[in-house]
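Welcome, and thanks for taking a look at this one with me. Below are a few numbered notes to read alongside the model.

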Amino acid sequence: MTTTPSLEALLRIGPFHSALRAAIRRRGLTLERLRLRLAQQDVAVALSTLSDWQQGRVRPVSPKSLKAVAVLEELLELPPRSLLALLENTGPSGWPAVVPGMMPGFNANDLEILSRHDRVFVDADRHASRVEAKVVVRARTDGVDRFHAHYFCDDSVETAELHQEPVRNCRPGRSTRDESERLVVDELLFDRALREGETWVFEYTAHDPTKLDSIEYAHGVRCFLAQSLIEVHFDPAAMPVDPHVYLQDWEEQEPHRTIDLSPDHTHSVHHFETDVSVNWVGIRWRWA
């Protein structure tokens with residue numbers, strides 16, 4: 001996992017909801033306290049609205065909401081127009097149209113991920129050697145014809161060894177590899193360009209020649225993910241201990257353990273999460 005971005009970095013690259021959440025935490029304010037301070041400035045914002053803004057479920061777009069964001073900048077002691085600029089210069093997903101130095105597809109605003117189902121296969125050597133992914137996306141604009149599949153390798157793998165194979169309703173495009181970030185980005189091209197609002201289902205498999213014991217697998221969430229399903233299948237000869245679910249935001253140094261899991265009769269664990277707005281949702285385990 002890469003270094004946790006600071007509040008200053010989030011104010012520069014977004015997304016808006018992560019920057020807002022980080023600013024609120026730095027000031028040590030509860031949402032109720034923040035709502036009361038807004039009211040003292042003659043700005044009425046419902047507690048549920050503040051929660052939706054910081055979770056990425058809703059973006060402030062009306063003149064009344066934008067006025068509230070300007071007051072929030074003052075209350076949170078942020079540079080003037082820092083939050084407003086994120087709203088003005090980003091698309092529906094909350095990310096800028098272009099961020100210098102960012103890997104392809106990371107800041108794409110034209111494709112919404114509705115559902116992601118990953119099946120992780122951990123072999124007898126304790127290696128997560130294969131991941132099968134099924135993804136449902138929806139086009140935000142006309143002409144979208146590709147998806148960028150991101151995969152973070154561990155330190156035992158050269159990025160050139162990682163292979164992501166199209167399986168259904170997609171074919172290979174360009175591949176980009178960043179050895180310093182241990183990141184591989186592969187274009188998966190659709191059979192045709194989508195219309196605005198049209199959905200597409202596709203599948204691909206990642207073959208990971210990792211040489212280290214695998215201890216986790218996670219979905220990275222850029223803004224909001226309606227459905228996340230992660231299954232981890234263990235070889236009967238290598239069963240883990242203490243499998244559990246964790247959540248983590250980029251501005252947090254440590255993940256939050258949320259649910260303890262127990263392997264089922266197929267030697268597998270799984271977690272299904274809806275309305276995901278944290279930046280990472282995953283499953284971790286240990287080896288005896």
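1. Buried means under 20% relative accessible area, exposed over 50%, and partly exposed in between (1.4 Å probe, protein chains only).

2. Before going on, a word on the source: this is a predicted model, in which local features need pLDDT of at least 70 and side-chain atom pairs count only at pLDDT 80 or more, while totals for chains, interfaces and linings use all residues. Residues are numbered from 1 along each chain as its sequence is written, and side-chain values use heavy atoms, with hydrogens and water left out.

3. Helices (H or I, at least four residues) and strands (E, at least two) are DSSP runs, numbered from the N terminus.

4. Trp53 deserves a look of its own. Leaving aside neighbours within four places in sequence, Trp53 is in contact (heavy atoms within 4.5 Å) with residues including Phe16, Leu20, Val45, Pro60, Val69 and Leu72.

5. How do α2 and α4 meet, and at roughly what angle do their axes cross? The two axes come within 6 Å and cross at roughly 115°; axes are lines fitted to C-alpha atoms, for helices over the stretch in contact, and angles run from 0 to 180 degrees between N-to-C directions. From α2 the contact uses Phe16, His17, Leu20, Arg21 and Ile24, and from α4 it uses Trp53, Gln54 and Gln55.

6. Now to the strands. An open sheet of three strands has the order β3-β6-β5, with antiparallel pairing; two strands pair if DSSP finds at least two bridges between them. β3 (144-152) and β5 (171-178) stand at the edges with a single partner strand each, so one side of each is left without a neighbour in the sheet. From one strand to the next, the twist averages 20°. β3 and β6 (residues 183-194) pair over eight bridges, and Ala149 has Asp186 in β6 as its bridge partner.

7. The structure holds 22 salt bridges, each a side-chain nitrogen of Lys or Arg within 4 Å of a carboxyl oxygen of Asp or Glu. One of them joins Glu132 and Arg119 (3.8 Å, N to O). Glu132 lies in strand β2 (residues 128-139) and Arg119 in strand β1 (residues 111-122), so the pair ties together parts that are 13 residues apart in sequence. Arg119 and Glu132 also belong to a network of salt bridges with Arg130 and Glu231.

8. Arg126 and Asp213 meet in another salt bridge (3.5 Å, N to O). Arg126 lies in the loop between β1 and β2 and Asp213 in the loop between β7 (199-207) and β8 (216-220), so this pair ties together parts that are 87 residues apart in sequence. Both are partly exposed, Arg126 with a relative accessible area of 28% and Asp213 with 39%.
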